[in-house]
Amino acid sequence: MKNVLIIGSGISGLSCAIKCAELGICTTLVSPFPSERSQSVMAAGGINAVLSDNNENDSVESHIEDTLKGGCYLGGKKAVTGLCGRAEEIIGFLERIGTVFSVNRLNRPIKRAFGGQSHKRTCYCGSSTGKQIVSALVMEARKYEAAGLIKRRLWSDFHSALIRDGKCYGALLYVESSGALEAVCADAVVIATGGQNAVFGKTTGSTQCDGYTAGKLFMQGVDLKNLEFIQYHPTTLETPQKKMLVSEAVRGEGGRLFYNDKGRRVYFMEEKYGSRGNLMTRDIISREIFMADREVFLDISFLDKKLIDGRLPEVRDLCQKYRGIDISKKSIPVAPSVHFFMGGIAVHLDHETNIRDLYAVGECASMYHGANRLGGNSLLAAIYSGWVAAETIAGKESSGKTEDFSGTVEKETAALKSKMNTKSNFPVMYVRDMLAGTMCSKLGIVRNSSALDEGMRDIDYYLSVADKINYDPSVLPYFNYSLKGILTLSKAIIACAMNRTESRGAHYRSDHPESKDELCCSTIISYNNEDLRVRFDKEHEYES
């Protein structure tokens, strides 16, 4: 029986494990925490699908076109067609395993409007869709855990992939309880570690998703793709701890954006883009808020309180708890924040990377969203990509070949111990905080050559001291050994942004404000002995 190692146990990792189990493949889910603590539970607004019983003349073809257009046609038609074409099947699966969707009198999922879409096609569970889906997937996975087809390894962290001659044989894990490194071999490895939130500090997402896995794999020869496309969600609420997401569902239910000008409310999105201005794509709204250069509010107080309580209870509670705002009476102060990463690990249509038997799924893989993601497509892509990887692995013959990696374990263990004895004036967490400041200031909603150059110089300096800083024994060793991978990923992000000398989707250059036809293709970046090579995928090396 094949054995698959899945790094990450959020929605994409769980979906892959369950599909593998359905196909008779044994999987091991590796994560530092239970699935209930994954970033996936934070997904709020909903999941897109065109259902057969729709009464709005919607179609799968329309969903495909909206997705391609929203991503500035970088998503790839084959990939997007597969994604949208199986959306109804995915909703049916979620219903069968117990996902509690908001439903109408006929017990069918209600759909709300989301930005950049021509029809209402976003199914939802109040404003806690991710949490409901995770709960249902966890219960489904437990059936296969009882049958021995899914195993869990908690309190374990990814250290590196076991790669030899262009093929992946497993992964090296850091075991928190023992402080030891352990080589775990498998027929295939699936990376499902989410985005790169910690690189930017305070975002809408979990700092568990720090980008280290992508950065380390990059250093091991795995190509990355479209890193410059970073989505800023236009409506977040500032708190001391993080940026709290004010779900797009608020605007989907009729919420209006405005700012005050000499005592007058200016509904700037409606004035510029018409009646659907509040439901433009996220990159456009974030940029308009940035350009307004003043405090912006989101108002829903004019709606019936029963509607707010019934469809947006989580947003209501969030605003009351963290800012003391009753959204049925007062407007919400909002500002854009880093929210989602369209770029990540480069994968082919079957979700395999340029390394054989190494796959990537979910947000850490760059595939469907192109230059900008539509709200409601992330949950869909998380499940679909997990299915595609599982089905691909099931269809391949196992080589049965094994390799001895005992020498790798000894070498990496010695390297890990040696880092704990280094001394300098800068602790590792201080450098991570400095990095977040650099990335937020130099890779904002609007970028230019000067800022990107400064950001590259900053990161080069952080890398120059990365092997000399004080690796604090009071923090988890993971935070120590992960620093260089995170810094290298950050350098790759800036390199991609520097090379794309145009504006497209979520990447806006004030010094290159127009789009260029010759750059209507993906950015691919490779690593070789600390040298970074950026190229544009004009030959469709990564077919999507």
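1. Terms and basis. Helices (H or I, at least four residues) and strands (E, at least two) are DSSP runs, numbered from the N terminus. The model is a predicted one, in which local features need pLDDT of at least 70 and side-chain atom pairs count only at pLDDT 80 or more, while totals for chains, interfaces and linings use all residues. Residues are numbered from 1 along each chain as its sequence is written, and side-chain values use heavy atoms, with hydrogens and water left out.

2. Overall form. The secondary structure of the protein amounts to 17 helices and 22 strands. Its radius of gyration, taken over C-alpha atoms, is 23 Å, which agrees with the value near 24 Å that a compact globule of 544 residues would have under the rule of 2.2 Å times the number of residues to the power 0.38. Along the principal axes, the C-alpha atoms fill a box of roughly 70 × 50 × 45 Å.

3. Of the 544 residues, 60% are buried, where buried means under 20% relative accessible area, exposed over 50%, and partly exposed in between (1.4 Å probe, protein chains only).

4. Charges. The protein carries 67 positive and 65 negative side chains, and the centres of the two sets lie 4 Å apart. Lys and Arg are counted as positive and Asp and Glu as negative, with His and the chain ends not counted; the place of a charge is taken as NZ of Lys, CZ of Arg, CG of Asp or CD of Glu.

5. Domains. The division is into domain 1 (236-337) and domain 2 (406-519), with bounds that come from an automatic or database domain assignment. The C-alpha centres of domain 1 and domain 2 lie 32 Å apart. The contact takes 6 residues from domain 1 and 5 residues from domain 2.

6. In α2 (residues 60-70), the buried residues are Ser 62, His 63, Ile 64, Asp 66, Thr 67, Leu 68 and Gly 70, and their cover includes β3 (47-48), α3 (77-85) and α12 (377-394). The helix is followed by Cys 72, which has a positive phi near 55°. Tyr 73, placed in the loop between α2 and α3, also deserves a look, as its phi is near 60°, a positive value in a residue other than glycine. Most residues other than glycine have a negative phi. Tyr 73 counts as partly exposed because its relative accessibility is 44%.

7. Helix α6. This helix (residues 212-219) is mostly covered, with 7 of its 8 residues buried, namely Tyr 212, Thr 213, Ala 214, Gly 215, Lys 216, Leu 217 and Phe 218. Gly 221 follows α6 and has a positive phi, near 105°.

8. Val 134 is found in α5 (residues 129-146) and counts as buried because its relative accessibility is 1%. Residues up to four places away in sequence aside, Val 134 touches Ile 11, Leu 14, Ser 35, Glu 36, Ser 38, Ser 40 and Val 41; the C-alpha atoms of Val 134 and Leu 14, which are 120 residues apart along the chain, are separated by 8.3 Å. Ala 451, in α15 (residues 449-465), is buried because its relative accessible area is 15%. From Ala 451 to Met 498, 47 residues apart in sequence, the C-alpha to C-alpha distance is 9.8 Å.

9. Two exposed loop positions. Glu 295 lies in the loop between α9 (282-292) and β16 (296-299) and counts as exposed because its relative accessibility is 52%. Not counting residues up to four places away in sequence, Glu 295 touches Phe 258, Tyr 259 and Pro 333. Glu 530, in the loop between β21 (523-528) and β22 (531-536), counts as exposed because its relative accessibility is 53%, and Glu 530 has a positive phi of about 75° although it is not a glycine.

Note on methods
Contact means heavy atoms within 4.5 Å.
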